[in-house]
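Hi,

Here is the structure I promised to pass on to you. Please have a look at it, and then read my notes below.

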Amino acid sequence: MTRYQEYPSNENGEGLRIGVVVARFNQDICDGLLSGAINELHQLGVSAQDITVCSVPGALEIPLVLQSLADEETSPYDALIALGAVVRGETYHFEVVSNDSCRAVMEVQLATGVPIANGILTTENDDQALVRMHDKGADCARCAVEMARLHASIRSGEKPQPARG
């Protein structure tokens, strides 16, 4: 007996177009995030010519470029990835940048309907960020591909399937 319907998870990146916006502030950490994301996108079947990377000064600049990439009428992207690193310092600035960049990424996603994987790390120190950067970048790549496929399935009217088990 089927208990519910579901859309199956799909991490096949073949044919998907992915845009990545990466901050330069905390460069070493952001380079690690980007490396993890790009390597995983290739593992999932996204071709190099279907990946576009935009570099911005810091985390607060990420949402504006995401919004430009996700423009409803001209966007060629199936999903976007936001990558940055906000490391706690001695001032309140950490909270402002962390909260506002995260909120703005979500607002862009909801306003445009383009899935965005948020990989803006917020950590207490550099060591925490360095430990997480490659895995977080890869997680964002998987999230972007899966959400692009799910979003396309729902919007095309594809019906969910009976759940297994």
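Leu83 stands opposite Gly119 in strand β5, and Gly84 stands opposite Ile120 in β5. Strand β4 (residues 79–87) and β5 run parallel, joined by 8 bridges; two strands pair if DSSP finds at least two bridges between them. Strands (E, at least two residues) and helices (H or I, at least four) are DSSP runs, numbered from the N terminus. Between β4 and β5 the chain passes through helix α3 (residues 93–112), and this β-α-β crossover is right-handed: with the strands pointing away from the viewer, the path from the first strand over the helix to the second runs clockwise.

On its other partner, β4 pairs with strand β2 (residues 18–23) in the parallel sense over 5 bridges. There, Ile18 stands opposite Ala79 in β4.

Because 8 of the 9 residues of β4 are buried, β4 is largely enclosed by the rest of the structure. Buried means under 20% relative accessible area (1.4 Å probe, protein chains only). Strand β5 (residues 116–123) is also largely enclosed, because 6 of its 8 residues are buried.

This is a predicted model, in which local features need pLDDT of at least 70 and side-chain atom pairs count only at pLDDT 80 or more, while totals for chains, interfaces and linings use all residues. Residues are numbered from 1 along each chain as its sequence is written, and side-chain values use heavy atoms, leaving out hydrogens and water.

Best wishes

Methods:
Buried means under 20% relative accessible area, exposed over 50%, partly exposed in between (1.4 Å probe, protein chains only).
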